[in-house]
Amino acid sequence: MERVAVVGIGQTKYEKGKTKNFAELSYEATRKALDDAGIELSDIDNVVTTTNDFFDGRTIACMAVAEAAGSYGRDATNVEGDGTLSAFYGLMRTLSGVYGTTMVSAHCKVSEGSPRKIVNQAFDPIYDRLLGMDAISSSALQARAYMQRFGITEEQCARVSVKNHGNARNNPYAHVPLDITVDDVMRSPMLAEPIKRLDTSPISDGACAIILATEERARRAARKPVWIRGVAHCADAYRLGERDLAWSQPLETAARKAYRMAGISHPSREIDVAEVYDAFSYMELMWYEGLGFCDRGEGGRLIDSGVTQMGGKLPVNPSGGVLSAHSVQVAGLARIAEAVLQLRGEAGKRQVPGARVALAHGTGGICAQTHCVWVLSN
Amino acid sequence: MENETILEVREKDGLLILQGVIRVPYTWAAGAVASRFYAGLRDRRIYGIRCPTCRLVMVPPKKTCHRCFGDLNDWVEVGPEGTLQTFTVVHYSEPELHPLRAPFAYGIIKMDGADTGMTHLIGEADQRALKEGLRMTAVFRDKPEGNYLDIRYFKPVKGAK
């Protein structure tokens, strides 16, 4: 693959009830990304935005918001999905030979819509939508299936929440930094067994943007480029009852493809830091397994071992992860932004010392129907 | 406008917040497969569809096999009992979404003769006694309407362990 770099990133603080509107939020992230790269909008060749019409409360939402990401007079397109997929699309456009630079942006104001009703609309109107499921209740089915098959305990899931909310205390962009214990998680209100309040991610508003550039164009940017080494995306069946809920084959497939591109044969040894899409605490343990950080069913033991804590051999979600800031389709792009900060050595108090290879992961759909895996290096 | 109304304008930090609703009527064609599935439920029978290549029996049925992309037409009756694969007891209330009052349970039930699971509600059950492998059977709606709640919920088979 021809070398493509991330040359700039920008993000807002993630929080609930932001008073900026969609375009103002998107502009904040885009402007920061341009300033970070030390380039101007005139240096941007094309734009990929990320919108969801239900969350935005308008149809063809991209048409209204793209201007704030620099679309005017340019080729601009949109992804309805996670930001990692928008970035993947942006990478392909950059590799096409037509564009030297691509602005990729995502915004979401989850707090302005009705998240449970909106997620319910993702279920099949012909079949199971009438059951009234949302992200929490459907994920609870997956959590139970996973924990039951492999003997994962609620305490092990709680440890993910403790770790990630704790890490968030070092991330000025995070929405919910918390100093909590496993007991606090276990005693938080039960929502849908086995998922408790502190096993869930918050309702966050925010925006994130990254700028991709070919090697030639990356040389003109102010920042040290962060190189994209491998990327892959893979989808599962739509219906929950047709999937193996306890083991994500699509994640393993995507990870293997991305590792092959990146020349990685021992992910747990060769990756220095990972940012994964932990919308619920149990998910981080499942993703450890699918990403090959440990064997199948060993996710609980991996969190117990401390390997994925700050200071461990493979810190996961030093940013605090999605558990600490969840602006839905922004969340995957925020994982890439954090990976870039880590590889530049600019992650402040949450810096993983000497990080050279980073992984970023995004998911889409009910119970993570799709997975996108990125490997980056400095 | 009938489908969109700004109901209220309030202030936060000196800035305006407009609050409204979006109501958009819609029509969904069920298609040949789901139409036939719901016709079966009228007779209190649950049908799946078999993929001729993968041999998988899918319940609820669909037109295309996600694995081999085959066109599916081979109908088979499944059940009347099935096995609970996974479940959750929901403790929060979302009255506009939930057909039952919390605490209630969702489960994935694999009907006898089926290879895929059906996500549904669980009723008439001791929620603390739910476990994987429990034998379940469908409770049908008295007056079927041609939608997923023509099965009201699944309940444990009496005397099942």
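In the predicted model, Lys32(A) is partly exposed, with 18 other C-beta atoms within 10 Å. Lys32(A) sits in helix H1 of chain A, which runs over residues 22–37. Pro194(A) lies 162 residues from Lys32(A) in sequence. In space, the C-alpha atoms of Lys32(A) and Pro194(A) are 40 Å apart.

The largest nonpolar core has 171 residues. Ile210(A), Trp374(A) and Leu376(A) have the most contacts inside this core. Helix H14 of chain A, residues 331–344, supplies the largest share, nine residues. Around Trp374(A), contacts were listed without residues up to four places away in sequence.

The axes of helix H7 (residues 154–168) and helix H12 (residues 281–290) of chain A come within 7 Å. They cross at roughly 100°. This angle falls in the range from 65 to 115 degrees, and H7(A) and H12(A) are therefore roughly perpendicular to each other. On the H7(A) side, the contact is made by Gln156(A), Cys157(A), Ala158(A), Val160(A) and Ser161(A). H12(A) contributes Ser281(A), Tyr282(A), Glu284(A) and Leu285(A). The residues of this contact divide into five nonpolar, three polar and one charged.

In chain B, three strands form an open sheet. Their order is S4-S3-S5, and the pairing is antiparallel. Strand S4 (57–58) and strand S5 (74–78) of chain B are the edge strands, each pairing on one side only. Strand S3 of chain B covers residues 46–50 and pairs with S4(B) over two bridges. Ile49(B) has Met58(B) of S4(B) as its bridge partner.

The two chains meet at an interface. Here, 33 residues of chain B are in contact with 29 residues of chain A. S6(B) gives the most, with five residues. By residue class, the chain B side divides into 19 nonpolar, 10 polar and four charged.

Note on methods
Residues are numbered from 1 along each chain as its sequence is written. Chains are lettered from A and ligands numbered from 1 in the order in which they are written. This is a predicted model: local features need pLDDT of at least 70, side-chain atom pairs count only at pLDDT 80 or more; totals for chains, interfaces and linings use all residues. Two strands pair if DSSP finds at least two bridges between them. Helices (H or I, at least four residues) and strands (E, at least two) are DSSP runs, numbered from the N terminus. Axes are lines fitted to C-alpha atoms, for helices over the stretch in contact, and angles run from 0 to 180 degrees between N-to-C directions. Angles under 35 degrees count as roughly parallel, over 145 as roughly antiparallel, 65 to 115 as roughly perpendicular and the rest as oblique. Two residues are in contact if their C-beta atoms, placed from the backbone, lie within 7 Å. Ala, Val, Leu, Ile, Met, Phe, Trp, Tyr, Cys and Pro count as nonpolar, Asp, Glu, Lys and Arg as charged, and the others, Gly among them, as polar. A residue is buried if 20 or more other C-beta atoms lie within 10 Å of its own, exposed if 12 or fewer, and partly exposed in between; C-beta atoms are placed from the backbone. A nonpolar core is a set of buried Ala, Val, Leu, Ile, Met, Phe, Trp, Tyr and Cys residues joined through C-beta atoms within 7 Å.
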